[in-house]
Amino acid sequence: MKNKFFLFIFLIVIMFAIKPCNIKAQNFKFAAMSDSRGDYEGVNQPVLSALINHLLKKNSDTKFIVFPGDLVSGNKYSADTTEKQLNYWQKTMAPIYNDSNMVWPKIWVSVGNHEIQNSKDEGLFKEEFQNVFMNGPEDEKGLTYSFDYDKVHFVFITTNRWNYSESDEGGNNDWHYVKHLDWLNNDLQSAIQRGNKYLFVMGHETAFPIGGHLKDGLPNLGNHLTLPIDSTRKWYLIQRDMFWKILSENKVTAYICGHEHLYARESINGVYQITSGSCGAPLYYFNPTSNDVKKKSFGWSEFNYQEAIPYYKALNYFYGPGEDSQASKDFFGKRAFVYVTLNVTPDFVYINTYGCYPKANSDRIMGSKIQLLDTFKIKRKL
Ligand SMILES: [Fe+2]
């Protein structure tokens, strides 16, 4: 009896000695936001402020925010205007920067297409956001970077450059692809070798367009698509496929993006694409389905169902009666302004999405209170 009692005490001591270490090794929360451009000095300040205030109140244990692009509207003709907008964005985010629970640098950013409209913009962005690691590819230092945090690896890739060529002329010709796939692959493999248990990749554009950017995103199929696809379009599709293969083969947990002003998540070849696409940018509609066949207008950049069909075919999407017109059968989305929290634990990442719906007949004004809109989990693969 006495031996059993000592054995019991011994087991309790072992349990307490081991368990807290395991939990401490990986147990933290980060948040994902994107696309806050709008009409208040380039920022949708009312929506962005409401979301960050909610985050600070209801998710005060958040360690940092990832923010992949389109912070501001930007300006094609004036880098000074873009600079003022970025300063206003930083001022709007002051409650985050002033929060003592968050860890340096509190917000990790990358550029979106709206921050890269002028030849001076890349330099400006690097100047405004200097708190990043300078470990990216030589010509993307300060834009593309990666780091480990508590056995979790984070990579910020660049999907939008002013111009990938040496010349300043003809900028904006080379958007919609990830230039340094070898760097990304090597970065992920060395992260695995260091013992990271989860890998997250952040970039601005969707790899699998969900609505509004069916014609671009990383597949970049362009306007007026006819089948079979031509060699230029094929090149972009192959680049997108190679990018996703790298994520899939390295067992990346999720690709977190924006660009499409919607919330959605879906898994493709074992990797989640989480689109956290509007913290204020005008909301889009999802890819039209066969139920939408009578609708003619889906906004400035969106197709009707008939126009979209060649794109669905080229992208290998599930479309037709009962289908969502998306890349995966497990697609789930909400037309809402959101922020996403990702709670990393030893075996699962628990994801909660908070947000609000737009006011009737508006794509940029809040029309409901901020509430929990989605909850799901992703199992550890490494
Ligand atoms: Fe964008």
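The following dialogue examines a predicted model and how its features are named.

Trainee: How are the residues numbered, and which features count?

Mentor: Numbering starts from 1 along each chain, as its sequence is written. Because the model is predicted, local features need a pLDDT of at least 70 and side-chain atom pairs count only at pLDDT 80 or more, while totals for chains, interfaces and linings use all residues.

Trainee: What is the pLDDT of the protein chain on average, and where is it below 50?

Mentor: The pLDDT is the predictor's confidence in each residue, from 0 to 100. The protein chain averages 91, and 88% of the residues score at least 70. Residues 11-25 have a pLDDT below 50, and this stretch has 3 contacts in the model beyond near neighbours in sequence. Residues 164-171 are also below 50, with 8 such contacts. Two residues are in contact if their C-beta atoms, placed from the backbone, lie within 7 Å.

Trainee: How many helices and strands does the protein chain have?

Mentor: There are 8 helices and 14 strands. Helices (H or I, at least four residues) and strands (E, at least two) are DSSP runs, numbered from the N terminus.

Trainee: Why is Met202 called buried?

Mentor: A residue is buried if 20 or more other C-beta atoms lie within 10 Å of its own, exposed if 12 or fewer, and partly exposed in between, with C-beta atoms placed from the backbone. Met202 has 25 other C-beta atoms within 10 Å, and is therefore buried. This residue lies in strand β7, residues 198-202. Leaving aside residues up to four places away in sequence, Met202 touches Val66, Pro68, Ser110, Phe154, Val155, Phe156 and Ile256. Of the 382 residues of the protein chain, 44% count as buried.

Trainee: What order do the strands take in the open sheet of 7 strands, and why is one side of β5 and of β11 left without a neighbour?

Mentor: The order is β5-β6-β7-β8-β10-β9-β11, with mixed pairing. Strands β5 (145-149) and β11 (332-334) stand at the edges, each with a single partner strand, so one side of each has no neighbour in the sheet. On average, neighbouring strands of this sheet are turned by 15 degrees against each other, direction ignored. β9 and β11 pair in the antiparallel sense over 3 bridges, and Tyr263 stands opposite Lys334 in β11.

Trainee: Why are helices α6 and α7 called roughly parallel to each other?

Mentor: Axes are lines fitted to C-alpha atoms, for helices over the stretch in contact, and angles run from 0 to 180 degrees between N-to-C directions. Angles under 35 degrees count as roughly parallel, over 145 as roughly antiparallel, 65 to 115 as roughly perpendicular and the rest as oblique. The axes of α6 and α7 come within 10 Å and cross at roughly 5 degrees. The two helices are therefore roughly parallel. Their contact is made by Leu181, Leu184, Asn185 and Leu188 of α6 and Met242, Phe243 and Ile246 of α7. Helix α6 (residues 181-193) lies across β5, β6 and β7. Helix α7 (residues 231-249) packs on the sheet, touching β7, β8, β9 and β10.

Trainee: What makes a set of residues a nonpolar core, and how many residues has the largest?

Mentor: A nonpolar core is a set of buried Ala, Val, Leu, Ile, Met, Phe, Trp, Tyr and Cys residues joined through C-beta atoms within 7 Å. The largest has 92 residues, and Leu51 and Tyr339 have the most contacts inside it. Strand β12 (residues 337-344) supplies the largest share of this core, 6 residues.

Notes:
Pairing = 2+ DSSP bridges.
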